[in-house]
Amino acid sequence: MCICCVIGLICKCLVAVLQPLTSDTVVPGLMAMEIWNHGNPLLNDFVLPAPDPNILEDICFFFIPQVLSDFSPLVLKLTGYVQFLAIILVFSLILYSVLKNKTAVLLFIALMASCCPSTQIWHLYYYASKYLLPVFHNSTVIFLGILMYLTFVKKWDTFPRIIIPICILIIVTISDSLLVIWFVVPLAVMYVLFWNTDYQPRLIFVASAGIASILAHFIKYFNPMLFEYGDFTFKLFSRTETDFSNFFTILQSYLIPDLFYPGQIPRTILIVVIMAVLVVLTFYIKRTALPETDKRLVIFSLLSIVCTMGIIIVFSEMDAWAYISQIPVLAYLAAIIVIYHSHSRIAWAQYLLIFLVTVNLVMMAGLTVGLNTSPNEEQYKLIDTLSQNGVRFAYANFWDANVITYLSHDTLTVRSVEYTGILAPFIGGAMNIRWFERHTMDEMPLTLIIKNSDPGDLLSFISKNPPDRFNDLDFYSVVQYDSLNQTAFTDVPKNWRERLGSTNIGMSRILEKITLLTRRPESS
């Protein structure tokens, strides 16, 4: 088992190092640059790319390593790998605290280290790099483990020790609302379903967690760095088989290889069956002779999985893979606790998990061998070519702008734009409005970078506005305009602050938001 752990961790490290960075995954580095290089510690006028941007992770985990390494892409990747190790460490501590069994802990580590991508989506490095990228909300998984340890193992659910987990909950929830779905909701469900039992959560803790979540979201509403709340409306009756198929593919890619991929069964039925089985297991665990702490952990883990799946199906995006990143961790945790307390009665389950580790390791090793040893090669070639030709400022779509800016250490500043009948700044996706105010779009020559494999809407702009110079650089095309009709582009709209909610930190942000809320609509 030790050998499986070592092989899996080495493969994961190689995947972390050799993965190509994208404009999504370089956000922590860009934020560190904005804070350190541009002297903007409060991130004034900074628009983050999502309603729950997980700002705590970007600053607390990535900022210092990025500054000390002079914003090294390699260090950015290795920091993500360290987070992955921290997830394993926290949940291994939980396992060892309740089982006191080193073999069980090694099995958990092997399962996490061999967590392998589905070949259905092997080409997407997001999936190949499970728990290795900022977009997976890794810090939230870590804090979930810490809260579970304090609540169920240390039993810090009474006053005054309750203050520490509640403070953690508030701070993390302000940064990432997923903790409410992963921790608070299943905790409340556990309180209701297991009334008057030894393992029912204490009312003071459940009530405090609920109040803390409400408080955190009230604070978040006035958060100076958030864009807007996402689309979180009732969607259950508008779901299609495609939605369930996408959701199942993502869920399956976390847990089992494609050798066990059921091809003919409708995904809607599969997901309903999975949730029903988990609910039945929850009540079955209630009747077992597991120790109280172990029973609490298993029941909570199963309820967290069910609640997460249910809330996502009813309200959220079913292809949001980051929203279910805690599911495999809790599934492995619950399975190992049950197996190692059941001894020989279900010893076959131990061998099944070992078989799963072996198959996953083979697939992971195959993936690692096929990785590109020169990640982001096309971006580095583009940066070198433009630097040699004296280009220091350019525009591109979001998926090229941020990653090129970060990889060039901001020596080649590329700002994201979009074309919707007129070329305009893309307001969103980890950017600062002041970037466009420092260098307006009417300053010529205007350089536009377009990726040949994914030109997007910028190709329409070029076809309507023929450039003065066109350069094909293999992976990218670079076009330049010495002059451009004023009707072809626009700068940042003057009312952008009002449209986004705003940006100033502290009380000025709160007062501005209150002003927007209380302003009477203008009469037509």
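## The second largest cavity

Helix α2 (residues 27–36) contributes the most residues to the lining of the second largest cavity, namely three, where helices are DSSP runs of H or I with at least four residues, numbered from the N terminus. This is a predicted model, in which local features need pLDDT of at least 70 and side-chain atom pairs count only at pLDDT 80 or more, while totals for chains, interfaces and linings use all residues. Residues are numbered from 1 along each chain as its sequence is written, and side-chain values use heavy atoms, with hydrogens and water left out.

The cavity has a volume of about 50 Å³ and is lined by L30, M33, E34, H38, T405, D410, R415 and W435. A cavity here is a set of points, on a 1 Å grid over the protein atoms alone, where a 1.4 Å probe fits but cannot get out, and lining residues have an atom within 4 Å of a point; the volume is the space filled by probe spheres set on the points, which are joined across faces, edges and corners. Five cavities of 30 Å³ or more are found in a search of the whole structure.

## Aromatic pairs

Searching the whole structure gives twelve aromatic pairs, counted when rings of Phe, Tyr or Trp (its six-membered ring) have centres within 6.5 Å, with planes under 30 degrees apart called stacked, over 60 edge-to-face and the rest tilted. The rings of W36 and F63 are edge-to-face, because their centres lie 6.3 Å apart and their planes stand at 65°. Since W36 lies in helix α2 and F63 in helix α4 (residues 63–68), this pair ties together parts that are 27 residues apart in sequence. W36 counts as exposed at 54% relative accessibility, whereas F63 is buried at 18% (buried is under 20% relative accessible area, exposed over 50%, and partly exposed in between, with a 1.4 Å probe and protein chains only).

The rings of Y81 and F84, with centres 6.2 Å apart and planes at 40°, form a tilted pair. These two residues are three apart in helix α5 (residues 73–99), and are therefore separated by about one helical turn; both Y81 and F84 are buried. The charged end of K12 sits over the ring of F84, 5.6 Å from its centre, a contact that requires NZ of Lys or CZ of Arg within 6 Å of the ring centre and within 35 degrees of the ring normal. Elsewhere, F152, F183, F205 and F300 are linked into a cluster by ring pairs.

Key. 1 Å grid on protein atoms, 1.4 Å probe; cavity = no way out; pocket = protein on both sides within 12 Å on 5 of 7 lines; lining within 4 Å.
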